[in-house]
Amino acid sequence: MSTTINSMVNGVGEIHVIVGPMFAGKTTALLRRVTSETTFGRNVVMIKSSKDNRYAKDAVVTHDGAKFPCWALPDLSCFKDKISVQAYDKLDVIGIDEAQFFDDLYEFCCIAAENDGKTVVVAGLDGDYLRRSFGSVLDVIPIADTVTKLTARCEVCGKRAFFTLRKTDESKTELIGGAESYMPVCRLHYVNGQAIIGAARTVLESNQAQNDLSVLQAASVQS
């Protein structure tokens, strides 16, 4: 019996969790899962944190540019009111991207799956740049039907990357950014991270210096 039929027969939903470091393809896997549900005629919706406006305010966007319309919310508890109770009742599948930014993730998943019969697919970081638990994503694992741990490629050696290394001096946990601020690394190069950060800064500074020189040269030619 398929998971879709199971949910309909039992009257309860499901919870699926996708975790991994940055650049591991979590959003891509989430979009693939949610869009595949539409082939069964199921009503789907995507949610992301309003904190994440890197690529678009009203869409979930992968690092390679794939998009899916979404609700950008400060918290999950307001979702039903935003979409309306009638529209919520018609939903079958709810996708949640960048789930680490929602403090009420656990409560929302419990209610949506066990009370409302929804299939909830959650994608987010399982750890911050210090490899500590980030938000409530790990709290959802004990109540999940499935958990998928994705890996990226270490930007230094090309091996499987399990961790996210921050390139900047910023120490706050929530620093929303992309390749300019983070890189996926293996265990070895996470441990040796300070040396890698130094090398990355040298490259960035060199690129900036070359850009500045190009601007000056172009300006001198025009003058």
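Is Trp71 buried, partly exposed or exposed, and what is its relative accessible area? Trp71 is partly exposed, at a relative accessible area of 32% (buried means under 20%, exposed over 50%, partly exposed in between; 1.4 Å probe, protein chains only). The model is predicted: local features need pLDDT of at least 70, side-chain atom pairs count only at pLDDT 80 or more, and totals for chains, interfaces and linings use all residues. Residues are numbered from 1 along each chain as its sequence is written, and side-chain values use heavy atoms, with hydrogens and water left out.

**View 1. Trp71 and Phe79 form an aromatic pair.** A search of the whole structure finds six aromatic pairs (ring centres of Phe, Tyr and Trp, the last by its six-membered ring, within 6.5 Å; planes under 30 degrees apart are stacked, over 60 edge-to-face, the rest tilted). Here the centres are 6.4 Å apart and the planes stand at 80°, so the pair is edge-to-face. Phe79 is buried, at 0% relative accessibility.

**View 2. Ring pairs build a cluster.** Its members are Trp71, Phe79, Tyr88 and Phe108. The charged end of Lys118 sits over the Tyr88 ring, 4.7 Å from its centre (NZ of Lys or CZ of Arg within 6 Å of the ring centre and within 35 degrees of the ring normal).

**View 3. Phe163 and Tyr190 form a tilted pair.** Centre to centre, the rings are 5.6 Å apart, with 55° between the planes. Phe163 belongs to strand β11 (residues 163-166) and Tyr190 to helix α7 (residues 187-191), so the pair ties together parts 27 residues apart in sequence (DSSP runs numbered from the N terminus: helices H or I, at least four residues; strands E, at least two). Phe163 is buried at 14%. Tyr190 is buried at 14%. The charged end of Arg131 sits over the Phe163 ring, 4.8 Å from its centre.
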